[in-house]
Amino acid sequence: MSIDVVLCVPSCEGPVRKAFDVTGVTPAIAATARMNEITALEPTDGFSGAVINAAAIPFTEAMSLCRQLRQRERGVGPIILLLDHYQLDDLTFREDLFDDFVVGPYDVSELATRLRHRLRRAGNESVAPRVEHAELSMNLETYQASIAGRVMDLTYMEYELLRFLATNPNRVFTRATLLSRVWGYEYYGGARTVDVHVRRLRAKLGEEYAHLIQTVRSVGYKFGTSTEYGL
Amino acid sequence: MSFMQSQAQYVLRTVEERGVRFVQLWFTDVLGRHKAFHVTPAELEDALDQGMTFDGSAIDGFSRTTESDLLARPDLTTFQLLPWYEPGAGVARVFCDIVNIDGTPFEGCPRQQLRSVLDNARAQGFTFFVAPEIEYFYFNDLNPGERPVPIDRGSYFDLLSDDTASQLRRQTVLTLEEMGIGVEHAQHEDAPGQHEIDLRYTDALTMADTVMSLRHVVKELARQSGVAASFMPKPLAHVQGSGMHTHLSLWRDEKNAFIGEHTYGLSDLAAKFIAGLVRHAPEITAVTNQWVNSYKRLVPGAEAPVGAEWARYDSAALVRVPSVKPGRIDSTRVEYRSPDSAANPYLAFAVILAAGLRGVTGNYELPREGQRTAALPQSLAEAVDLMECSTLMQETLGSHLVEWFLRNKRAEWDAYRVQVTPFELERYLPLL
């Protein structure tokens, strides 16, 4: 079995170093959050994980590094954040950017346990949940949708409608069903709202891909290229 | 997670992921002018949470005697990246509702006034759909006081300058589509330099937002091409002005409530709605046609209405009942033709719906086709007088807004009537 190399930003000292030693993993230390520096350190079979000290570099840089690591073709394994207590609030809505966190002052055995636990589970680690269909790709963690590689700028309800349709391809939904499943609240337009949003989505998908949302006459809508109507 | 929270999360994440650097918080003053705050992503979270505090006394129609601080509260469903900036600029917009510091709706906010009229309609089981046709001009530039020059005239056979206008219009339609705004079609209008964009129907609140976006996009793209666009109701004498003919339909239980056995495939409800429009048209005209200049468009012979009547074909009628294509019965609708492109869309849609609904609740009888029941006001002064006596307007817009509007419009009229115009000098000076 190869040695686990864990990315460590921006340093590996004191209790952090001890935790690495206890766990038996090798730190690869990048002094800054710059991607080219990190890539240069990467072993041939990749990092097994990353420990990023968000208390030692600017918080936004740490978050942006997490995001870049997440978006890479090649994963880096679990990301563990080291934080000061006051930074906890800043994690809200960013939960998907890391796998675990430890609040300072760092306890060697806690850090080591988490490191081991996360690395053990890393084999089953899944990438960000996605919905893919033909040329459409939706990242459900970052809320970004793209069509044929082009990012779509969607409003919240457009995103939710597209997500619902693309998660259930080739199924016909009535307007009323879509309204209750996607909107789930009172809206001025009633079921016509669905038509309005479908038009907008088609406009944003562009002429070439507008047909991904099909109108099923006198029933409703269906996502996908199949001409069969599933149930 | 609550609906509000998941919307906020969506917005904040999109801001991070797409590298948004500025968020424009859009709102509209009482006269329908577009206003905005620009906030950075760092401030956005607070703005989403609490709204932005601002001094309302600086905004037309927002000033009050006692308390002037107001809050602009983003409506997160309207968050949208703006496509016309250079790649990487990262600019997004979100529409705002204006509320009092205690969170209650502010009575001077046009968006909330429309919302309350729509809530009222919904309480009666109706949803209200609108589809405006928006006309405007492209000019070489806009120098106040000078007669504007349309960009596709001046040299009749100049292919290049004609191309600028149609390219610009095409570009505008594509940009609108990118923003999810459905365009039915776009065309060159009668007058030189005049163009029209017809929007696909949506609910009235979404459409009022859309009209504000459209005006901004049209002007912005024109500016980027080194020309200028204007929604002024009548910028050139002797050619037709820029109207905002608005197609209307009411829906109940997911069915078009205008479809029926009455004349031209209309329902009794539609007949009463038209009767309401025709009867109340004179008193709502101050809102649908709110400028001194608006009344230069509402003149005979310019394909614009001058009296309150309805008809199927007459293109000068106030209310028209468009023919419906076979198999497209759901597109049954009526067209209200007096509003101009410089109206405040929130207030215009609010008073149009209120006038129609008054016909429904009051069981109004539909006048004969083509029968003119009243003249439309011929000037802003006349329109404002009619508005002042209107209980419908008081009930629809509230006393704060009506009072401010009357004061502002009377001042505009007073500033206008002291002018000595080129018409008078040319006509009278040599003669009298």
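**Exercise 1.** State what covers the buried residues of α3(A), and on which face of the helix they lie.

*Solution.* The cover of the buried residues of α3(A) includes β1 (5-9), β3 (49-53) and β4 (79-83) of chain A. This is a predicted model: local features need pLDDT of at least 70, side-chain atom pairs count only at pLDDT 80 or more, and totals for chains, interfaces and linings use all residues. Residues are numbered from 1 along each chain as its sequence is written, and chains are lettered from A and ligands numbered from 1 in the order in which they are written. Helices (H or I, at least four residues) and strands (E, at least two) are DSSP runs, numbered from the N terminus.

Step 1. The buried residues of α3(A) are A62(A), M63(A), L65(A), C66(A) and L69(A) (buried: 20 or more other C-beta atoms within 10 Å of the residue's own, C-beta atoms being placed from the backbone).

Step 2. Down the axis of α3(A), these buried residues fall within an arc of 155°, so they line one face of the helix (the arc is that of the directions from the helix axis to the C-beta atoms).

**Exercise 2.** Describe the side of chain B that touches chain A.

*Solution.* Step 1. In contact with 22 residues of chain A are 30 residues of chain B (contact: C-beta atoms, placed from the backbone, within 7 Å).

Step 2. Of this side of chain B, α1(B) gives the largest share, eight residues.

**Exercise 3.** Find what percentage of the 432 residues in chain B is buried.

*Solution.* Buried residues account for 47% of them. The secondary structure of chain B consists of twelve helices and 18 strands.

Methods
Two residues are in contact if their C-beta atoms, placed from the backbone, lie within 7 Å. A residue is buried if 20 or more other C-beta atoms lie within 10 Å of its own, exposed if 12 or fewer, and partly exposed in between; C-beta atoms are placed from the backbone.
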